[in-house]
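Hi there,

Here is the model I promised to pass on.

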Amino acid sequence: MPTTSPGIAADAPGSRAAPSRRFRRLGLALIVVLVAAALVVTLVPPVRVATQVALLVPELTGAGPRILAVVTPEPVRTSLTYGPDEDRMDLYRPDGSPAGDGSAPGDDGRPAVLLVLGISPVPLDDERVIRVGTALARLGLVVGVPSSRELMALRLGADEPGRVVAAYEALADQADVDPGRVGMAGFSVGGSLALVAAADPRIADRVAYVNAFGAFADAGTLLVDVASRTVETEGSVRPWPPGKLAREVLLAMLLEAVPEGPQRERVETAIAPIVLADSATSGAFDPALAASLAADALAAYRLATAPDRDTARTALASLSPGRRALLDAVSPVASARSISAPVFLMHEATDDAIPASHLAPLADAIPGPSLRQVTEFRLFDHVEVREGVGLDDLPELARLYGHLVEVVGVALE
């Protein structure tokens with residue numbers, strides 16, 4: 001009966017058990033490589049941020065595999081009220097940590113970001129809002145998303161930047177948030193409001209960063225853009241077709257300038273079809289109606305019926321000092337020199353809500369040491385990724401990745 005020679009070990013080379021040993025060694029080497037890679041991703045900040053953003057982009061755009069949701073715990077979403085009007089703010093906390101119990105790792109709490117939404121009837125329960133809040137929380141950020149009843153009603157008042165300040169302070173006061181690492185990310189009009197709030201002396205020295213996406217530089221210029229359906233860049237005027245939302249906001253803001261009552265009703269009846277029309281309406285100005293109006297009501301009517309950019313500018317200039325002060329109160333260019341936080345700007349080149357012509361003057365208004373990144377895209381429908389993103393959009397996705405690496409690097413440092 002054959003026996004194993006005592007001079008040959010069971011898994012020595014040449015024995016049938018040798019491949020098993022090689023596989024074990026290969027498996028051990030693979031584990032070492034994976035552990036080393038995990039340590040690099042965890043311990044080397046640039047690599048960690050690059051990896052996190054690579055996982056974040058599919059969550060935000062819907063393009064590519066959504067791995068982040070698989071490899072991170074489900075964030076917890078809660079609500080609180082903030083500000084004098086007790087508006088609602090939703091909070092998204094990573095790692096399933098309970099609300100405000102100070103359970104975040106470390107003595108100083110987690111970094112946080114305030115998402116400042118634009119002027120539109122998009123509720124906090126909208127799937128798009130939840131998706132963004134959840135995705136950012138998966139990076140380890142506490143995310144605050146405030147709502148504003150005024151913005152939901154298409155009203156943009158001088159008090160709106162103060163509401164952003166109140167929301168920022170409410171987020172920074174959370175027990176599990178590091179108050180020294182709270183930034184803001186604003187979308188559309190929310191981007192402009194975030195920039196104005198970042199210049200407010202109550203929080204200016206505490207804001208960690210601002211990423212403004214699709215923001216306007218000057219509210220008065222935006223009214224002229226939409227009313228005249230033109231934009232001006234480097235002294236050259238060209239046609240610009242404003243989208244439905246831009247036209248609706250213009251109508252709401254013009255009517256706010258007209259006192260309530262029969263006069264407002266007459267003005268609304270006259271200008272609503274003009275402002276909301278898909279294309280410009282010629283010969284819309286009615287001298288008889290204009291003769292019955294005065295002050296801001298007349299200026300609003302002239303702006304709504306302006307046949308060209310120069311006429312729209314003249315109408316804007318005829319607004320009362322109080323109305324102009326309101327526009328300045330929400331315009332970043334009026335206060336940008338007081339911003340000390342790092343600022344990142346994004347804009348869609350084909351934006352039909354706030355034209356990309358606002359990007360350059362906004363960048364010029366930000367103090368040089370604060371301006372970190374300015375990126376123009378051809379990927380979005382205003383501030384949402386357009387439908388049908390595919391392989392042809394890889395260069396734009398790479399541009400988005402590069403911009404977000406810079407922002408997230410600051411947010412998590």
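**What I found**

Let me start with Ile67, which is partly exposed at a relative accessible area of 39%; buried means under 20%, exposed over 50% and partly exposed in between, using a 1.4 Å probe and protein chains only. This is a predicted model, so local features need pLDDT of at least 70 and side-chain atom pairs count only at pLDDT 80 or more, while totals for chains, interfaces and linings use all residues. Residues are numbered from 1 along each chain as its sequence is written, and side-chain values use heavy atoms, with hydrogens and water left out.

Ile67 sits in the loop between helix H2 (45–61) and helix H3 (68–71). Helices here are DSSP runs of H or I with at least four residues, strands are runs of E with at least two, and both are numbered from the N terminus. Together with Val70 and Val71, Ile67 forms a nonpolar surface patch of about 290 Å² accessible area. Such areas come from the Shrake-Rupley method with a 1.4 Å probe, and for residues only the protein chains shown count as cover. A patch takes residues with over 30% relative accessible area and no salt bridge, joining nonpolar side chains (Val, Leu, Ile, Met, Phe, Trp, Tyr) within 5 Å and like charges within 9 Å. A salt bridge is a side-chain nitrogen of Lys or Arg within 4 Å of a carboxyl oxygen of Asp or Glu.

Now for the whole chain: it has 16 helices and 12 strands, and 49% of its 413 residues count as buried.

Two backbone angles may interest you. Most residues other than glycine have a negative phi. Arg229, however, has a positive phi near 60°; this residue lies in the loop between helix H8 (219–228) and strand E7 (230–233) and is buried, at 12% relative accessibility. Glu234 also has a positive phi, near 50°. Its place is the loop between E7 and strand E8 (236–239), where Glu234 is exposed at 86% relative accessible area.

Finally, which helix is mostly covered? That is H12 (residues 295–304), with 7 of its 10 residues buried, among them Asp296 and Tyr301. The cover over the buried residues of H12 includes H8, helix H10 (262–276) and helix H13 (309–317).

Best wishes

Notes:
Contact = heavy atoms within 4.5 Å.
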